[in-house]
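Me: I'd like a close look at one single part of this protein. Could you pick a residue and walk me through its surroundings?

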Amino acid sequence: MKTVTRRYSRKQRRWVKNRLAIPDPSENVYFYPLDTSHPEHWDKEVSQPARDLCSAFLSGELVRETVKDVHRPDNKRTLLSCSSCNVICDCEISFKTHISSKRHKKRTASQRNLLSRPS
């Protein structure tokens, strides 16, 4: 059971890291991580910090000591397209992910096979 939970947690972290959309590169997005790896410490490590963050947000404060800035300057916002798959990606990271995906590799292999067949 722990392996499945760990795998799911890893998948969630990867999704947040790769898919957190930043509409404007000059705009900072703040991310508050809460350690949920120990259910027995839930109140101390998750529930209370979450309540503190919500209270601070509602009062108009920004809690800087627990903030992680998610702004990724290495991820340039440009439109890139894959003509073989008819896919348009909005940044270099998602384009590289698409190029290394099974779908892209399968599609380009089938197109190569079609082109290499004698008429």
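Reply: Let's begin with a term: helices (H or I, at least four residues) and strands (E, at least two) are DSSP runs, numbered from the N terminus. By that rule, this chain has 4 helices and 4 strands, and from the N terminus on they go α-β-α-β-β-β-α-α. Keep in mind that the model is predicted, that local features need pLDDT of at least 70 and side-chain atom pairs pLDDT 80 or more, while totals for chains, interfaces and linings use all residues. Residues are numbered from 1 along each chain as its sequence is written, and side-chain values use heavy atoms, with hydrogens and water left out.

The part to zoom in on is His104, which sits in helix 4 (residues 102-116). His104 counts as buried because its relative accessible area is 10%, and buried means under 20%, exposed over 50%, and partly exposed in between (1.4 Å probe, protein chains only). Across the chain, buried residues make up 17% of the 119 residues.

So who are its neighbours? Leaving aside residues up to four places away in sequence, His104 touches Cys82, Ser84, Cys85, His98 and Ile99. A contact here means heavy atoms within 4.5 Å. Zooming out, take the chain's contacts between residues at least 6 apart in sequence: 37% of them join residues at least 24 apart.

For a contrast, look at Arg14 in helix 1 (residues 2-19). Arg14 is partly exposed, because its relative accessible area is 47%.
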